[in-house]
Amino acid sequence: MGSAFVLLLTFATIVSGGGHETPKQVVTKYNNYKTICTGLGYQNVPCDAGNGEIAFQSTLTNHLQNLKNQETVIFDKVRLNEGNAYNQKTGEFTATVGGVYSFNWQILSNPGKYFITEIVHNGNPIAFNYCDGRGISKAYVSTSNQANIRMKKGDKVWIRTHGSQGVFAYGGWCDFSGYKV
């Protein structure tokens, strides 16, 4: 941050030239310095670019039972949706800008039940979450997983059952969240 400020201050001082140039000379100097900076790899980015926060936090409100093969798990209660990238009706997150995104999801299942999920990027499985309470008679089981995914604008990510392994998920205790890194 400090080096960027010094560079900006130096640039402003050089371009202004102490006030003895004509407006045409100042524009010519500016264009010359802009060409040099671009050649060094600096990009012309608007001041508000990249500052738009993209983050969401959603929860499953109802129990889910016996979901179909690769059925989308819709986390329907949205607690946070900065950037409006998460759709609580479809359960899909759509990247509004390209970049790396971090996602996390938690599943809770009843004793004796299981609920196996996967996070998918444009339909391709990326990571899995194996919540298996079979063989357990008194305790609930909970698992979580996290995935970092490089996305392009318009790419979609969602959670779905792995195969037809969506036997039981406990509403109120299952979450899906994400943010742009």
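User: What should I know about the ground rules first?
Analyst: This is a predicted model, so local features need pLDDT of at least 70 and side-chain atom pairs count only at pLDDT 80 or more, while totals for chains, interfaces and linings use all residues. Residues are numbered from 1 along each chain as its sequence is written, and side-chain values use heavy atoms, with hydrogens and water left out.

User: How many helices and strands are in the chain?
Analyst: The chain has two helices and 12 strands. Reading from the N terminus, the elements run α-α-β-β-β-β-β-β-β-β-β-β-β-β. Helices (H or I, at least four residues) and strands (E, at least two) are DSSP runs, numbered from the N terminus.

User: And what is the average pLDDT of the chain?
Analyst: The average is 86, and 82% of the residues score at least 70. pLDDT is the predictor's confidence in each residue, from 0 to 100.

User: Where is the pLDDT below 50?
Analyst: Over residues 4–9. Beyond near neighbours in sequence, that stretch has one contact in the model, where contact means heavy atoms within 4.5 Å. Where pLDDT is low, the predicted coordinates should not be read in detail.

User: Good to know. What percentage of the residues is buried?
Analyst: Of the 181 residues in the chain, 31% are buried. Buried means under 20% relative accessible area, exposed over 50%, and partly exposed in between (1.4 Å probe, protein chains only). Among contacts between residues at least 6 apart in sequence, 68% join residues at least 24 apart.

User: Which residues make the nonpolar surface patch?
Analyst: Ile36, Leu40 and Tyr42 make it, and the patch is about 350 Å². Patches are made of residues with over 30% relative accessible area and no salt bridge: like charges are joined within 9 Å, and nonpolar side chains (Val, Leu, Ile, Met, Phe, Trp, Tyr) within 5 Å. Ile36 lies in helix 2, residues 23–39, and is partly exposed at 48% relative accessibility.

User: How many salt bridges does the structure hold?
Analyst: Three. A salt bridge is a side-chain nitrogen of Lys or Arg within 4 Å of a carboxyl oxygen of Asp or Glu. Side chains of opposite charge can pair when their charged atoms come close.

User: Which residue does Arg160 pair with?
Analyst: Arg160 meets Glu118 in a salt bridge at 2.5 Å, N to O. Arg160 sits in strand 10 and Glu118 in strand 7, so the pair ties together parts that are 42 residues apart in sequence.

User: Is that Arg160 buried or exposed?
Analyst: Arg160 counts as buried, at 8% relative accessibility. Glu118 is buried too, with a relative accessible area of 2%.

User: And what about Glu92?
Analyst: Glu92 forms a salt bridge with Lys156, and their closest N and O atoms are 3.9 Å apart. Glu92 belongs to strand 5 (residues 92–94) and Lys156 to strand 10 (residues 156–166), so this pair links parts that are 64 residues apart in sequence. Glu92 is partly exposed at 21%, and Lys156 is partly exposed at 30%.

User: That leaves Asp132. What is the distance there?
Analyst: Asp132 forms its salt bridge with Arg134, with the closest N and O atoms 2.8 Å apart. Asp132 is partly exposed at 22% relative accessibility, and Arg134 is partly exposed at 41%.

User: Back to strand 7. What does the side chain of Thr117 do?
Analyst: Thr117 lies in strand 7, residues 114–121, and its side chain joins that of Trp105 in a polar contact of 2.8 Å. A polar contact is a pair of N or O atoms within 3.5 Å; within protein, one must be able to donate a hydrogen and the other to accept it, and residues adjacent in sequence count only if both atoms are side-chain atoms. Thr117 is buried, with a relative accessible area of 0%. Leaving aside neighbours within four places in sequence, its contacts include Val73, Phe128 and Arg160.

User: Last one: where is Val141 found?
Analyst: Val141 is in strand 9, residues 141–151, and is buried at 11%.

Definitions and conventions. Accessible areas come from the Shrake-Rupley method with a 1.4 Å probe; for residues, only the protein chains shown count as cover.
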